Amino acid sequence: MSTKQFSTHLIFFLSSFLFFSVTISNAQDAGAGKTIFMSKCASCHNVLKKGTGPALAGLEERHKWADHKELLAWINNPAAYMAKDPYTQGLKAEYGSMMTAFADVTLQDVDNIVAYVNEAAKPAPAPAAGSGEVVEEGGGNSIFFGVISLLLGVIALILMQVNSNLRKLSDQAEGVKTPAGIPFWRNKTYITLISICLFVFGGYMVAKGAIGLGRQKDYQPVQPIYYSHKVHAGINQINCLYCHGSAEQSKHAAIPSVNTCMNCHKAIQAYEKGPKLFDEEGNEIDGTAEIQKLYEYAGFDPDQPNKWDPSMIKKPIEWVKIHNLPDHVYFSHAQHVNAGKVQCQSCHGAINEMGEVKQVADLSMGWCINCHRESNVQFNYDSTKGNKFYSIYEKFHNDLKAGKMDSIKVKDIGGLECQKCHY
Amino acid sequence: MSQKKYWQSFGEVNESESFKQQNQDEFREELPFEGMDNKGLLDATAPRRDFLKYLGFSTAAATLAASCKIPVKKAIPFANRPENIIPGVAQYYATTFVQEGDVVPVLAKVRDGRPIKIEGNDRCAFTGGGTSARVQASVLDLYDTHRLRFPQQKVGNGEEARFEEVPTYEQMDKLVADAIKAAGGSTVLLTSTLNSPSTKAIIAAYPGIRHVQYDAVSFSGMLLANEATGFGRRLPSYEFGAAKVIVSLGADFLGSWLSPVEFAKGYTAGRKIDEKNPSMSKHYQFEGYLSLTGASADERFVCRPSETGLVALALLSAVSGKGAEGIKDAKLKAGIEKAAADLRKNTGASLVVCGSNDTNTQVVVNAINQAIGAYGKTIDWGKPVNYRAGIDADFEQLVKDMEAGSVGTLLVYGANPVYTYHNAAAFKTALKKIKTTVSFSERLDETTECCQFILPSNHYLESWGDASPKAGVTSFIQPTIYPLFKTRAFQTSLLKWSGNDNSYEEYFKQYWIGQLGAEDAFNTILQEGIQDKALPVSAGSYSSTALAAAAQAITTAAAVTGTEIVLYQKASIGTGTGATNPWLQELPDGVSKASWGNYALVSMTMAKELLGVNLIDGTEKEINNYEFYPLKPVIKITMGGKEMELPVLAVPGMQSNTIAVALGYGRSEKLGRTCAGVGKNAYIFTSQTGNGVSYQGIVTVADAGRKEKVAQSQIHNTYDDRVEVVRETTLATLVKHPTVIPDYRNHLEETYGKSKDGKTTDYRSEGTLYPTHVQPGIKWGMNIDMNACYGCGACVVACHAENNVPVVGKSEVLRYHDMHWLRIDRYFVSDATNPDELKGVVFQPMMCQHCDNAPCENVCPVAATNHSSEGINQMTYNRCIGTRYCANNCPYKVRRFNWADYTGADSFPNNRDQQLVGKLDPVVEQMNDELTRMVLNPDVTVRSRGVIEKCSFCFQRLQAAKLEAKKANRPLQDGEAKTACQTACAANAIVFGNVNDPNSAITAVRANNTNRSYYVLEQLHVLPNVSYLAKVRNTDEVLEVEEHHAAPAAHGTETKHETAKPEAAHH
């Protein structure tokens, strides 16, 4: 086979390898107010519904709350405010408990929260935008590229055949003797190329399989109770930390104990107003029946809610653990959530849209390391921002001032070192 | 002029050829290839086929493993989470370690419901947060597989007798009540020293009970002597910190005598040196064998154990200015006179203690303390201690009563006379005469085995309780875990049987609320762990009435010739309570460096004369035969009709006719796999002299003509003739030549640190081809004061507990496979010509030095060990493939290889028993029991077979401290991050912190001690992050340094000694 012939084959092969390009972009639509609302208010308040406290929609029309200073005084010190204010006294009587004080909330924060509440209270609100939401663009482009490459491939094939026939004809015309054609299945070039491709592909698959041993991306086991994060964290906007509070303090995010569930479900005894629930197989789930399962564990009689107390809980719920790390990995939620201010969704995906929880990330070391390469540390660039722990990093402060660095990544403070996670 | 020599083993002191050869290899074994027949890989019988077999097996195994399903794991939260408990965050509870009268206030670290580590309680003034090896190891006792798990009673007689479970305590109470009623006679409660006020109140309310306290090692002589000299039957508080001169007559006050943690704190405070004005306490030791305390002495003189009384008398006469009367040995006499001169000079600031249980000797010692004005200054009678209360005569009387049949019921708690009593056979016979015998022991010990009823009590970490170590001091015990087994506090039994239906928990609370007046006060002590209240205690006044008779008795006692035995306690095993604890058994003894068993310590002279082992000037072959095989010659020790065969260990500094044997070994095999068959019970050599129990005696020794293995660890790793490992000097030298160490550093700086243009010097960056590491934030560093370290081993056990360091058992220690991340090297200092003439001992805790230019990092083929940006030499177990290149290249010999699956962490379950390693000791299996594994620290990876491990600077603690600071949005404060060894140390010898912080303690200690601070093997330019402060002995000897640039005193180099000039002698 001539060199020329070989190169045409090569072109054919190369042209058949095509790559799809998918552009991913994150929608960032979380206002400052929403952040504060989620972290401070959401465990008791909902915008549209009554929870432990009143629904906040339209709060500016009620009482003196149009004046945000009044609102601030109430939030900062409810006890003091209520002492002289019959309206809030009425609230306490209605809801049975006094509002928690948030002394660190500022007027700016109140403005932001109210802005968020007003926006969220608008009729036909936009679907809750989770930060893990993925918008896929350019799908049409890929099809377009695919069609073009297919066409080009066919054209190349036709041209090659034409070329080969023309050469045969010209050879015949010139009287050059052509050797008998070798069928393509005995063509050594084809065989070699195919074997190489198979070897590379096979090797890639084996290596990928081996690396993936023990990893369980997309793991979505059936749990003892159909607990929907979509209903709780998504629709009802309960702050993640209300249930997984130890994520701020401990290495474990910890699954809430039954008494935490019962804080709300003593009152919420049925699933009524939300959208229909379906499991992965598409069967409809009866939300009220699932709440009944919780009552089995809690030893709770819905007809006599006031007789129940946490000491009556019968047994803990045996959830199936989804996110498993090998024993030689030390992972601390507190480090990431509290010190690093990483959003839950960064690792757990759009958990607020999941009916049953599914492992989104593969939890591989490469995945961890990549994030450590790219993420910024909560560095105290100045006295108002960041974590003061980093004030001892004198070198970095100098480099930042001198413009040698523009941000401090986790890798800069040793985030890629083995012993950060393995000890 | 003499040569000084620092040595760890006899081969080293004599520089034998095979010693050098042996130490060329880090690991002494050949690689264990099967079927190689030592012919090399190519000539092996079937290397290719074997290779293919292994390859095939591993592929098949991998395929199998790959096809296995990932197990479903459950996450089970609390049903009702208690407030303040966060899963994954450790809680600390203040409680108290109490054992046989010893009291150490501690904090128990409880992680997710399991106590996993003991820390000292730094609210306690007299321990200052210090601990001992036994305190550190006590948490492992909680998870001992051989604890008694339910109440039981003996059924059947004679050979047929066995224990059967009694289903409930109600039934048990009824059984015992009936038995007590049926037995008639008197009821006797036999305990070790009890210092719990509430328990004493319970006993006082028990109708007709007689309480006898019995100590395994008695302090009866001291108690009676104090009574005879006008202070009452009490023991005083000793203020070692206030003493400038300390004379100990055979008292091992740093290792085993009375309250070592407390004394070590005071003692080491006086040993720390301020460089600007160098001074330190002076410690004289007179003893027959080399004790842990004697090893720290500035001047040490040997005497026969039987001479202790005479030495005390001579010291008394010398203190009163009459010279050391009655001492023939010139050296000893000079020593006594010198000590007396110093004592006199420091009247009111000196202290004499004596380890003897002989009342007469202690009367004389009290006379000395009176003469030197110690009372009220270094000995505080206003705060008497309650550590020991047993009187020998009381117990003798009890045995007589038992024999006479007047005792109907015997209740035993904490005492174990069948094991510890000098005439155990008589006690056992007497015990059989008692109708009802009840034991409250946690384990089936020797005495419990002979009892009818067993009501096992709780471990202290499961108990409520209190202890009063000293007058006015109360330390509470609170439970940190629900009792693991069906056990009950012994006080509850006493309450029930005396007609009080309260449990001890309720009684305890009511008692203290009554005492303190309010529940708040009770809760405060519970929280703090300890309350120290000044109590008006009558100090008593000294009376000399008993002195003349005591002196008379001492002088008329016949002089002893021939061989004497002295029985001592190891800091780890104690009286035998530590024998069931694997961590303590594996802890090498401070002086002998031997673990797992006892042996007879003999002098080198005796080894030569009796056994023909010439270690003083013998041939190389002779020394090697003794030194390099774990097999040691066995001697037969005979005293009266009792005999025992024990292997010998020759150590320098022994009185030449004295042998020393540790107590506490040879326990019953029913106490567990740990202590079964380990050592021999030396209590058989104790005797009743009529004047208290004696822990010494006259014996005959003979060569038994055979050998036994002794598991010693020190000779495993040496530095191959490298100098500057230990630096030791005398106080006089430090004053005269203060800059020996800085001079050496300057020499290195000038020789190797010159920059290319020759203008500036920087040893750190110029001395290497490698790039230097940058630590932008924190750089961790450690400093160890060798002057404070006395070799107790608390740090070693703390490291075991904190870092899940495996226990390997005797067979593996014998094969040099011990896994300690932190070891305490012991160096003898002596004349090169006469190794038996001991000048001193240096203890050097040695762990990974976290070198900034680490030789291990360069040679790892898989980069499993590398450097962190905080200056830590990291070790990644899951990346390690076990080439052991790093260990070979480590100049400090601190890397440890997992030769077998010691921890049960391997995926293949039977990896512990196979041809390569051989069957491991039962103790390894015990450590891998599901129950025992509860002690593991969940924050530290449990290493599997085939990987290297080493000190990590307790990285998990550093991370935790940093996280706390980040959570609180503040910089890390100095002292927040502490290593386990640092917190365990009673001497505060270890300082740890951020070197980059100019205000940290570690920066200060290095800056304030420039003349003593050095790095081990500094000239290798490995740039360690652990610095040491040179050991200083307080003597007048001036070591002349020949040349300032040469390496100072260290093994292999020579220094001149000159006699102190008169002006230098009186500093």
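**View 1. Helices and strands of chain B in the predicted model**. In this predicted model, chain B contains 35 helices and 45 strands. For its 1067 residues the globule rule gives a radius of gyration of 31 Å, and the value for chain B is close to this at 29 Å, so the chain is as compact as a globular protein of that length. Along the principal axes, the C-alpha atoms of chain B fill a box of roughly 95 × 85 × 65 Å, and 56% of the 1067 residues count as buried. Of the contacts in chain B between residues at least 6 apart in sequence, 72% join residues that are at least 24 apart.

**View 2. The side of domain 2 that touches domain 3 in chain B**. Chain B is divided into domain 1 (152-218 + 390-528), domain 2 (224-385) and domain 3 (561-716). The C-alpha centres of domains 2 and 3 of chain B lie 27 Å apart, and 20 residues of domain 2 are in contact with 22 residues of domain 3. On the domain 2 side, at least two residues each are supplied by α9 (292-296), β13 (299-302) and α12 (359-371) of chain B, and the residues of this side divide into eight nonpolar, eight polar and four charged.

**View 3. An open, seven-stranded sheet of chain B**. The strands follow the order β7-β6-β18-β17-β16-β8-β9 in chain B, with mixed pairing; β7 (162-165) and β9 (209-213) are the edge strands, each pairing on one side only. Strand β6 (residues 152-155) of chain B runs antiparallel to β7(B) and is joined to it by four bridges, and the bridge partner of B:V155 in β7(B) is B:R162.

Notes
Residues numbered from 1 in each chain as written. Chains lettered and ligands numbered in written order. Predicted model: local features only at pLDDT ≥ 70, side-chain atom pairs only at ≥ 80, totals over all residues. Pairing = 2+ DSSP bridges. Domains from an automatic or database assignment. Contact = placed C-beta atoms within 7 Å. Nonpolar A, V, L, I, M, F, W, Y, C, P; charged D, E, K, R; others polar. Rg over C-alpha atoms; globule rule 2.2 N^0.38 Å. Buried ≥ 20, exposed ≤ 12 C-beta atoms within 10 Å, placed from the backbone.
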